[in-house]
Amino acid sequence: MKSALLEVENLHLTINSSSKSVKILHGISFLIYPGEIVGLVGESGCGKSLTASAILGLLPSSHIVTGRMEFERQNLHSLSHKQLSLLRGTRLSLILQDPSLALNPLMPIGKQLVEGLCYHKKISKKSAYQIGIRWLQRVGIGDAAERMSQYPHEISGGMKQRILIAIALICQPSLLIADEPTTALDVTIQSQVLDLLQLLQQEEGLSILLITHDLGVVARCCQRVMVMYAGQLVETGSVEQIFTNPKHPYTKALLQSRRSLEQSRDQPLICLEGNPPRLGKKMSGCMFAARCPSAMHICQQKDPPLEQISEDRSVQCWLPQASRESS
Amino acid sequence: MHLEDKDPWSPLAPLSAQTYELASHHSPDTTNAWHRFWHHPLGKGGAILLLPILIFILIGPSLSGYNYDALHLAYKNQPPSTLFWFGTDDLGRDIFTRIWYGARISISVGLLAALIDLGIGLFWGGISGLVGGRLDEVMMRIADILYSLPYLLIVILLTVVLGSGLSSLLVAITLTGWITMARIVRGQILLLKEMDYISAAKALGANQTRLLFFHLFPNAMGPILITLTLTVPSAIFAEAFLSFLGLGIQAPLASWGTMANEGLAALQFYPWRLFFPALLISQTMLAFHLIGEGLKFAFDQSCQEAFL
Amino acid sequence: MTLPLLEVRSLSKQFRLRGQILQAVKNVSFSISQGEILGLGGESGCGKSTIGKLLMGLLEPSGGSIVFDGKNLLDLTAQRSRAWRRHIQMIFQNPTASLNPRMTIEETLAEPFIIHGLFEQAKLARRLHDLLLQVGLSADYLKRLPHELSGGQRQRVAIARAIALNPRLLICDEPFSALDVSVQSQIINLLSRLQREQNLSYLIISHDLSILRYLTHRSAIMYLGEIIEWGFSSDVYDHPLHPYTQALISSVLLPDPIRERQRSRVVIKGEIPSLLHPPSGCPFHTRCPHAMNICRAEKPPMREVKPGHFSACHLYRNAE
């Protein structure tokens, strides 16, 4: 039984503003083991990015985070700001969606690349530079030595994202959180970047938490996947299990609506009615009940339980219990 | 709704499409700009500072009972007392009454100048920004040239030509004052005209006038209002400054600037004569600046979601 | 053979950028018939959005003609052109940016009628009511402001505004990409239904090939300002001829892990070249896995490789 790299249990996130207190995340629990790519999939406003920020400790003080978060056996809550910031960039890394916003436009690429290395690992600038060049080559950037002195505006979007991957991995972290890393890229470039991530993951043995709204990305890269809706994890499991046999009606609907694109135009697409609930609105019972085609009365009355179907498979829904009741 | 009697495992009646939409629609955001303004300490502070001034402008002179030009030669240069709350000047005139008379002039000149600036600025910046191209270049170069002319020299020349008085004062203040407003307006329009709703309006066949008045100006209101609020104190100060130099308001009319001028000469012996005009100029300018800050805060987030 | 509703011939658009010429659209020709949905696919910088703006009159073409219902729109005076333009309307990518944040839904929807002087107060209220129903929103939304609506609802309002004047052609510039997956399907279904009900024609501009494949009758794929392949959608997406189309299709990720991981993929190297320094000959030769010497020297002409399926590629030089 290998131990988990990241353990999150009962993560709740509340935002306190001057007028009100809003609960965003409700009891998120999951594990990430070494050497695996786990997908966190959900639509906009479901809280997936906030989950990442909460783990990384990047939220302002008005955002209250409760619950157990342990990374490499260290309790993330008990770490001071300094210790957390040491952790980020060395053991725990992040890449974001828009590469053009993540690079300092006034600093050459090389400097940004080795900045973290010099600061955290106390390596001389010269050797850091050499390591930097090798990393640029590893992420598939030609003329690496010349690129080191270029500025971000001289570089294309896809290349920027590769550089960001290099920056994230140069200190050799054990976990990389990638928040919509390919959403802002063209389709052909997306393909290249995803291939790169998978390759590096295998070479370095790191784990990746891949946050995305794109089921195709999950199907391509991930071993396990977690589905998020309105601040809750509604279903988790291996990619094969979830894609071939989704248990939660939301997961089913997402898959069906995307897959129904393959049928002919005469047949309308299968789709979910209504809109995702606004973040922070908590209704009694299941958050998905209003849109769920299989909703029952109990779904409106009480919060659905977490059903552990097998070791790696869970779903938060009343349906499994309902089918047990009827049999 | 008593759900306890219904079988909890029975299917929930599908909500009608209408209820779907309303069940999850975003509740109307009551936190609009007005609300937000009053919740901000700076904006509120500015309004609180300004309020007594406005009140006294109205009731001040009648409170004291004196006329602004009434001479009390027996009481020349008296310090503040129960008879003369702010003291008297070298002709025995009640400073309290004169301050509020001066306030009327100073503030109305300030507001009027700001409105004139607004009018010219909207016109100049609006057309320049919307039409763009050559016209924009020409209009902006004219503005640049005007802006770089030595202000004080122009004002002195104007006073020579037009004579001193209220109208020449207004011309002097607004001559270059509109340029800042025009630049702000133009900047906003350049930003906004790339928005899709402008393209959509054009696609529907809207003409330039409609675009300006229905789409561009309303959405540029935030920065325009803020600039307007900040133009008022600079106009008030310009008037004070010019009157201080003797180029604006003439005796026996009082404005804060003229009173400050007279007060400066007597500073060593009768300091209250400078103190009160200076205090009120500062307070009014501070008040408008704070209101401007409050407006900035109020408009900055009026388009964002409630808690993001 | 009836005349096509829209016929675009040799359309081109150049921009001046710091003294250099940027050829955003180069010699593009296509046609759309009444009731037909044409898809325009490609990645960023290929010129598809520019074509949308050219057709809408938001940009002036540098060359070519746009013939709508037999009339060359570029020949008309500004006044008459405006009258014709109401037959071509547009839906934009960002539903938030396409609605005036300070106007209520009612004001936004009333605008087309007011501009064209087509309203009588009493009838207008009824018409707006019906418009909203047509796009699946209740009349309660009339008094609301855009920020009170969700992304999908805003897009519905934008669609309602676009169809208010009963246009013949609707240009949809990436109408789905800013929407959530579950909402995308709703909007696709809505557009599909409206098209059938009113026999509308659509030009759907999108980088999402799965959606284009589902929704369109015919499609054209663009690269660096030129159309490199076009034909019936079933042909273009299922049996792509041009190596770029093949690469594009192969980059589309399927929501099916088994199929996705087992398929053979066309991998193309490199990045999209800059529009300021386009490659010589065939624009794709710098990245093409099948590039030959002739590809660098000569631009391939558009050929009908199979009936109704056209491609500009030297691989098919013996086709005709």
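**Close-up views of helix packing and a chain interface**

**View 1. Contact of H3(C) with H5(C) in the predicted model.** In H3(C), the residues Ile105(C), Thr108(C), Leu109(C) and Pro112(C) meet Val157(C), Ala160(C) and Arg161(C) of H5(C). By class, this contact of H3(C) with H5(C) has 5 nonpolar residues, 1 polar and 1 charged. The axes of helix H3 (residues 105-115) and helix H5 (residues 151-163) of chain C come within 8 Å and cross at roughly 25 degrees, which makes H3(C) roughly parallel to H5(C). The crossing in which H3(C) passes H5(C) is right-handed.

**View 2. Contact of H7(B) with H9(B).** Helix H7 (residues 166-192) and helix H9 (residues 208-244) of chain B have axes that come within 9 Å and cross at roughly 160 degrees, and the two helices are therefore roughly antiparallel to each other. H7(B) passes H9(B) in a right-handed crossing. The residues that H7(B) brings to this contact include Leu169(B), Gly177(B), Met181(B) and Leu192(B), and those of H9(B) that they meet include Leu216(B), Pro223(B), Glu239(B) and Leu242(B). The residues of the contact of H7(B) with H9(B) divide into 15 nonpolar, 6 polar and 1 charged.

**View 3. The side of chain A that touches chain C.** Here 34 residues of chain A are in contact with 33 residues of chain C. The elements of chain A that give two or more residues to this side are helix H7 (157-169), helix H8 (187-204), helix H9 (215-221), helix H10 (239-244) and helix H11 (249-259), and the largest share, 6 residues, comes from H11(A). On the side of chain A that touches chain C, 16 residues are nonpolar, 10 are polar and 8 are charged.

Methods:
Residues are numbered from 1 along each chain as its sequence is written. Chains are lettered from A and ligands numbered from 1 in the order in which they are written. This is a predicted model: local features need pLDDT of at least 70, side-chain atom pairs count only at pLDDT 80 or more; totals for chains, interfaces and linings use all residues. Two residues are in contact if their C-beta atoms, placed from the backbone, lie within 7 Å. Helices (H or I, at least four residues) and strands (E, at least two) are DSSP runs, numbered from the N terminus. Ala, Val, Leu, Ile, Met, Phe, Trp, Tyr, Cys and Pro count as nonpolar, Asp, Glu, Lys and Arg as charged, and the others, Gly among them, as polar. Axes are lines fitted to C-alpha atoms, for helices over the stretch in contact, and angles run from 0 to 180 degrees between N-to-C directions. Angles under 35 degrees count as roughly parallel, over 145 as roughly antiparallel, 65 to 115 as roughly perpendicular and the rest as oblique. A crossing is left-handed if the near helix is turned anticlockwise from the far one by less than a right angle, and right-handed if clockwise.
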